[in-house]
Amino acid sequence: MVRLTMDLIAKNAGHKNRSEEDFGQYVQKLTHLNLSDKNIDSIGDLSFCKNLRVLYLYDNQINQIQNLDFASNITHLYLQNNRISSIENLSPLKKLEKLYLGGNYITVVEGLDKVGELRELHIESQHLPPGEKLLFDPVSLNSLAKSLSVLNISNNNIDELEELAVLENLSYLKAVDNRLKHMKDLEGVLKKWTKLRRIDLTGNPICQKPKYKDRIIKMFYFAESLDGKEKKKMERLFLMNWKASRAARKKSNERMTDEQAANVEF
């Protein structure tokens, strides 16, 4: 197996035969590092890469997130398709905005309570034990409540979304191929996600419910995309006008009822 070290970086960057001084200057200026699909099983000391912004380590054999203390400037971290079972040791990544962990062995979304700037979390298709679903730590969810905008939880045996309602700034949810089936639960969460503009629930039992799309569209009238299909601008305007008209009629009826009641009393 292969350990991610400065020597590996030098080898892949073509600096093997250059001077140590040249290489030192090179890694200090390095902002993007792609070491995907290199059979890496562990992360070693990368402390010289202090200006690293984007780190690609997907399609390896990494089993633990570690030795990222140097990475205070990283904004994008790609760790898909490894052997990671726990989200840990990310607290030094104060500027982390996008975290990709799809295709690992994670059973609980946790360890994110110190990552205050995270905007995107991609944790789809975990290798879960038979019959189990992906779980969410309330502490991490509350910490992400104001920052997280994009969440991909597809193919994780998830059967309800209620605990995710705290993510008040969510604008895009991808929850394809899960076990969502209760319409009332979904409607309850959608009422709280006032900034949601895109949602994809393709492949869930709920999609087979009678008038599923009609019910979602009426509530989710401000959506830009539903189940992977873009809503036409005119359709959105129509639905917005329909809802506004309905509210106006309701208000008018209430006013007329109040006036009639006042006349009776007179």
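In what order do the 10 strands of the open sheet lie? They follow the order S2-S4-S5-S6-S8-S10-S11-S12-S13-S14, with mixed pairing. Strands here are DSSP runs of E with at least two residues, helices are runs of H or I with at least four, and both are numbered from the N terminus. Two strands pair if DSSP finds at least two bridges between them. At the edges you will find strand S2 (32-34) and strand S14 (229-230), each of which pairs on one side only.

Before going further, a word on the model: it is predicted, so local features need pLDDT of at least 70 and side-chain atom pairs count only at pLDDT 80 or more, while totals for chains, interfaces and linings use all residues. Residues are numbered from 1 along each chain as its sequence is written, and side-chain values use heavy atoms, with hydrogens and water left out.

Let's step inside the sheet. Strand S5 (residues 76-78) and strand S6 (residues 98-100) run parallel and are joined by 3 bridges. His76 has Lys98 in S6 as its bridge partner.

Now to the aromatic rings. The structure holds 3 aromatic pairs, where rings of Phe, Tyr and Trp (its six-membered ring) pair if their centres lie within 6.5 Å; planes under 30 degrees apart count as stacked, over 60 as edge-to-face and the rest as tilted. Tyr56 and Tyr58 make an edge-to-face pair, because their planes stand at 85 degrees, with the ring centres 6.3 Å apart. Tyr56 also pairs with Tyr78, this time stacked, at 4.6 Å centre to centre and 20 degrees between the planes. That pair links distant parts of the chain, since Tyr56 sits in strand S4 (residues 54-56) and Tyr78 in strand S5, 22 residues apart. Together, Tyr56, Tyr58, Tyr78 and Tyr100 form one aromatic cluster.

How accessible are these rings' residues? Buried means under 20% relative accessible area, exposed over 50% and partly exposed in between (1.4 Å probe, protein chains only). Tyr78, at 14%, therefore counts as buried, whereas Tyr56 is partly exposed at 23% and Tyr58 is partly exposed at 26%.

Finally, have a look at helix H5 (residues 212-219), where Tyr212, Ile216 and Ile217 are buried. Seen down the axis of H5, the buried residues fall within an arc of 115 degrees, so they line one face of the helix; the arc is that of the directions from the helix axis to the C-beta atoms.
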